[in-house]
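Q: Could you show me how to read the features of a structural model, from its core to its individual residues?

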Amino acid sequence: MRGQAAVEFILVFPLFLFLLIAIIEFAFAFSTLNALSFAARDVARVGVEGGDRQGTDCSMLQGLEGTFGATSDRSGIAQVEIFWSDDAGNVLHGARNVYLRGGSLSCTTVKGDSVTLPYTLQAGSTYPENQRCTVLAGCDALTPAHPGVDTLGVRITYDYRWKTPLAGLLQMAPALTFQADQQMRIEPVL
């Protein structure tokens, strides 16, 4: 009897341990994905309130650092895109700013605070703050003309690194890539 129990334990324990590790890893990944989704929403909210004012992107990135860092590891943020969006989340007219995590970005927020953030603006930025339409009737002076108030899009790309040895057991890639998108209409100015 004792030998049988020992054999059963030896056969069942690795499966139990594997399931336990998988549940723990799933909880970490789900928590990160949830935090990423909330961060994208909060960053977009800062952007739509800032509208076309100088320092809006800086305020958005600063907000991301504060919001996301509270629950998950900020170092996993790989890229932040701020773009002119349609309702489906597609980039309109190629108008987007891409910030890569790494390096150093010194900027001034909408409130006038000077900050240094761990981002670099990728070359070819095509959606500067002063090119965002905040007028209900549209902005014909901008090129291309904006038919009404812009919808601001935010896309955050995050490289999730495994917290448990599950990836090694399953021979998986050392990281998963998560993405969170959010679109909001910029607050109009009368």
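This is a predicted model: local features need pLDDT of at least 70, side-chain atom pairs count only at pLDDT 80 or more; totals for chains, interfaces and linings use all residues.

Q: Which residues have the most contacts inside the largest nonpolar core?
A: As a general idea, nonpolar side chains in soluble globular proteins tend to be buried together. Here the largest nonpolar core has 35 residues, and those with the most contacts inside it are L64, F68, I77, V80, Y119 and I156. At least two core residues each come from helix 1 (2–50), helix 2 (56–69), strand 1 (77–85), strand 2 (91–108), strand 3 (114–121), strand 4 (151–161) and strand 5 (175–185). Helix 1 contributes the most, with eight residues.

Q: Which residues does F68 touch, beyond those up to four places away in sequence?
A: Leaving aside those sequence neighbours, F68 is in contact with T32, A35, L36, A39, D73, R74, I77 and Y158. One of these partners, I77, is also among the core residues with the most contacts.

Q: Which residues make the nonpolar surface patch?
A: The patch covers about 1100 Å² and is formed by V7, F9, I10, L11, V12, F13, F16, L17, L20, I24 and F28. One of its members, L20, lies in helix 1.

Q: Why does L20 count as partly exposed?
A: The class follows from relative accessible area: under 20% is buried, over 50% is exposed, and partly exposed is in between. L20 is therefore partly exposed, because its relative accessibility is 38%.

Q: Is T157 buried or exposed?
A: T157, in strand 4, has a relative accessible area of 11% and is therefore buried. Its side chain forms a polar contact of 3.3 Å with that of Q179. Not counting residues up to four places away in sequence, T157 touches G76, I77, A78, Q79, T177, F178 and Q179.

Q: Where is H146 found, and what does its side chain reach?
A: H146 sits in the loop between strand 3 and strand 4. H146 is buried because its relative accessible area is 3%. Its side chain reaches the backbone oxygen of P144 at 3.4 Å. Beyond residues up to four places away in sequence, H146 touches W84, Q131, C133, G138 and C139.

Terms used: Residues are numbered from 1 along each chain as its sequence is written. Side-chain values use heavy atoms; hydrogens and water are left out. A nonpolar core is a set of buried Ala, Val, Leu, Ile, Met, Phe, Trp, Tyr and Cys residues joined through side-chain atoms within 4.5 Å. Buried means under 20% relative accessible area, exposed over 50%, partly exposed in between (1.4 Å probe, protein chains only). Helices (H or I, at least four residues) and strands (E, at least two) are DSSP runs, numbered from the N terminus. Contact means heavy atoms within 4.5 Å. Patches are made of residues with over 30% relative accessible area and no salt bridge: like charges are joined within 9 Å, nonpolar side chains (Val, Leu, Ile, Met, Phe, Trp, Tyr) within 5 Å. Accessible areas come from the Shrake-Rupley method with a 1.4 Å probe; for residues, only the protein chains shown count as cover. A salt bridge is a side-chain nitrogen of Lys or Arg within 4 Å of a carboxyl oxygen of Asp or Glu. A polar contact is a pair of N or O atoms within 3.5 Å; within protein, one must be able to donate a hydrogen and the other to accept it, and residues adjacent in sequence count only if both atoms are side-chain atoms.
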